[in-house]
Amino acid sequence: MIKAVRKHSFVLLFLMYSIIIFISRIWYIRECNTLAIRNDEYGYWTHAALFSGHDWSDVFAGHMNWYSYGYSLALTPLFWLTHNLRIMYKAAIVLNGCFAVLSFGLCQGCAKILSPKTDRRLLLTVSFMVCVYASYITQGPVAWSESFLYLMVWLLMYLYARFETHPSAHFGALLSLCVAGCYITHNRTIGIVAAYFLIVLFLRLTDAISWKILAAMLLPLVVILFLNVNIKTWLCIIEGFGLKPKNGLGAQKEHLLSLLTPDGWWNLIRSLGGQMWCLMTSTFGLLFWGLSCCASHVLRALRTRKAGPHMTFYLFTMTASAATFLVSAISLIDPASITNLDSDTDLSYFIYTRYDECIIGILLLLGFLYLAQHKMDLKLILLTAGCVILYAGMCVILSVNLQRITDTWHYRSFCAAGIGFYRLVSEEFSMGWCTLIGSTLFFILFIMLLLYKRQYRKRYAVTACLILTAVFIPTGLYSAWIGTITSQLGKVSCGNLGMYYQLKDVAGNRKIYCTLDDTDNFRIAYELQVNLIDNHVYSITLEDLPVKEEDYFICCSNGDLNNFHGNDYYLLAQSDAYAVLVKGDGLADEVSQASGQNLKHLPLSRNDS
């Protein structure tokens, strides 16, 4: 038995790590019943609905901004299996778990290619640590593009590592398709796309690839990007979004123009400094060492005029990371939130790292391996000093920005989940606790990975991975709970879901009008449509309701119940803030018989309301 376990130890270890990664993503699956995160989820599910033959344009037209459709393609098959949103949402969470396990396999594949002489079980453990990074776990119980995007970027990195080892037109075409897949999954990967174009041109200029391989690496990408423009235009028109440039270059025009001014550059430094502080804190310095690893290989190649092993991989990683961080910082230069600081400014603008998380995994992997395999020498001492100085500078920049913000609760945890460990000691955001905990663990890792006896290197590295894992998993799960699950439970407790279910049981093919309340809250219309997948919901103002027609349903605010005048309005269901009405005596009788309840006639008495 012991011999069998030893013989298959790698496979057993891979299975154990995969199970833990999968469970960490679906940990809250019992609570995952409905969409919870702003408009992003609705955008992706709307595309999937259209791809499966459902037209939701009357609800989302004019109110929803553009969202890429790559992840929607993964959601579309769920519409073919069932139209029960609770089951569909849970299935999407299970898919997130599968995406995470596949990412783990690709991460381990990258580690093996980049460090072939390292014990493969150690590489497996390092890859496991990378794939339970706190922000990765936080995105698990959310049915939006994050987990799928992480998988696509890991696939890109793995394919590039394979391509670099065995350059061919076949691998070049696969790379091109993968880069296109990343972009149509989310426009924020524009930095990775730009880095890819630069690296391909560099390879051709240095005669590292032939013209045939160049064509294979660029033509599929260019064709897909061209088609993507037309698909985007078609979706915006057919779904009624309008050609709004949300998440595209057009939306950043004012931000880019602001860089022509001193204030604009100062805003860029503030935005970039805050994000880098957050990323270095949440990765306990591994971000810095990952970038240092890339820069070290590139500089060595420039100095010796000879490319070392995987030099272009490190160059691509460094360029893609820098471009992603820059695009993220530029997109978050919001004058209303960064320039005009006040007490209730959203902290997320300064520590918003969600746009950077797609590229962070490879830096975690490279940073850990760089530290674990490096010898203590003058170069490392100088790099460490540089890391401390850089981090101290970012701490100063961020602290100066945040000192005027008093409402430190105003922070979206799912957008900077990696630093969620501060909540162990503080209910409100605490830059001081974050810095102290992050710096302490950085020096613990630094000492463990460098000041060891040679024969115990593997044990120290495994221990360091386990320490990081012990921080990442609870941090990620807690951030998921406060950032996502509490929102979903709030929707359940307010009674909206029960109201939708009552309406769904009797709606049939009748029209359903959702009126807008005084605050133009379109979210109730979104929620209504995604829960009533087979029904056509219309978003309309109270004044525009067809009062002369009958036999339809109305979803309205409780505050509007006194605004319905006539003798043929009946109350079917009600939540804390909203109500569902039946318009028409005939339909009311039909619904009453089907549901087995006596509908209340409007106007309601004071006790009824």
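Reader: Is Arg 121 buried, partly exposed or exposed?

Author: The general idea is to compare the relative accessible area with two cut-offs: under 20% is buried, over 50% is exposed, and the range in between is partly exposed. Arg 121 has a relative accessible area of 36%, so it is partly exposed. Keep in mind that this is a predicted model.

Reader: Which residue does the side chain of Arg 121 meet in a salt bridge?

Author: The partner is Asp 119, with an N to O distance of 3.7 Å. Asp 119 has a relative accessibility of 27%, so it too falls in the partly exposed class.

Reader: How many salt bridges does a search of the whole structure find?

Author: The search finds eight. One of them joins Asp 40 and Arg 354, whose side chains meet at 3.4 Å, N to O. Asp 40 is in helix H3 (residues 40-51), while Arg 354 is in the loop between helices H18 (348-351) and H19 (357-373), so the bridge ties together parts that lie 314 residues apart in sequence.

Reader: Are Asp 40 and Arg 354 buried or exposed?

Author: Asp 40 and Arg 354 are both buried. The pair also belongs to a network of salt bridges that links Asp 40, Glu 146, Arg 188 and Arg 354.

Reader: Which residue forms a salt bridge with Glu 590?

Author: Arg 510 does, and the closest N and O atoms are 3.0 Å apart. Glu 590 sits in helix H25 (residues 585-595) and Arg 510 in the loop between helix H23 (496-507) and strand S1 (512-515), so 80 residues separate them and the pair links distant parts of the chain. Here both ends are partly exposed: Glu 590 at 42% relative accessibility, Arg 510 at 25%.

Reader: What does the whole chain look like in numbers of helices and strands?

Author: The chain has 25 helices and six strands. Of its 609 residues, 56% are buried.

Reader: What span does helix H2 reach from its first C-alpha to its last?

Author: A helix can be checked against the span expected at 1.5 Å a residue. H2 (residues 9-26) has 18 residues and reaches 26 Å, close to the expected 26 Å. The buried residues of H2 include Phe 10, Leu 13, Tyr 17 and Ile 21.

Reader: With which residues is Ile 437 in contact, leaving aside neighbours within four places in sequence?

Author: The contacts are with Phe 284, Phe 421 and Val 425. Ile 437 is found in helix H21 (residues 431-450). Its C-alpha is 8.3 Å from that of Phe 421, which is 16 residues away in sequence. At 26% relative accessibility, Ile 437 counts as partly exposed.

Reader: Which residues form a nonpolar patch on the surface?

Author: Val 223, Phe 226, Leu 227, Ile 231, Trp 234 and Ile 238 form it, with about 580 Å² of accessible area together. Ile 238 is found in helix H12 (residues 211-239) and is partly exposed, at 39% relative accessible area.

Reader: What is the phi of His 310 near?

Author: Most residues other than glycine have a negative phi. The phi of His 310 is near 60°, a positive value. His 310 lies in the loop between helices H15 (286-304) and H16 (311-331), and at 16% relative accessibility it counts as buried. Asp 551 also has a positive phi, near 65°. Asp 551 is in the loop between strands S2 (537-540) and S3 (552-557), and it counts as partly exposed, at 30% relative accessibility.

Note on methods. Residues are numbered from 1 along each chain as its sequence is written. This is a predicted model: local features need pLDDT of at least 70, side-chain atom pairs count only at pLDDT 80 or more; totals for chains, interfaces and linings use all residues. Side-chain values use heavy atoms; hydrogens and water are left out. Helices (H or I, at least four residues) and strands (E, at least two) are DSSP runs, numbered from the N terminus. Buried means under 20% relative accessible area, exposed over 50%, partly exposed in between (1.4 Å probe, protein chains only). Patches are made of residues with over 30% relative accessible area and no salt bridge: like charges are joined within 9 Å, nonpolar side chains (Val, Leu, Ile, Met, Phe, Trp, Tyr) within 5 Å. Accessible areas come from the Shrake-Rupley method with a 1.4 Å probe; for residues, only the protein chains shown count as cover. A salt bridge is a side-chain nitrogen of Lys or Arg within 4 Å of a carboxyl oxygen of Asp or Glu. The expected span of a helix is 1.5 Å times one less than its number of residues. Contact means heavy atoms within 4.5 Å.
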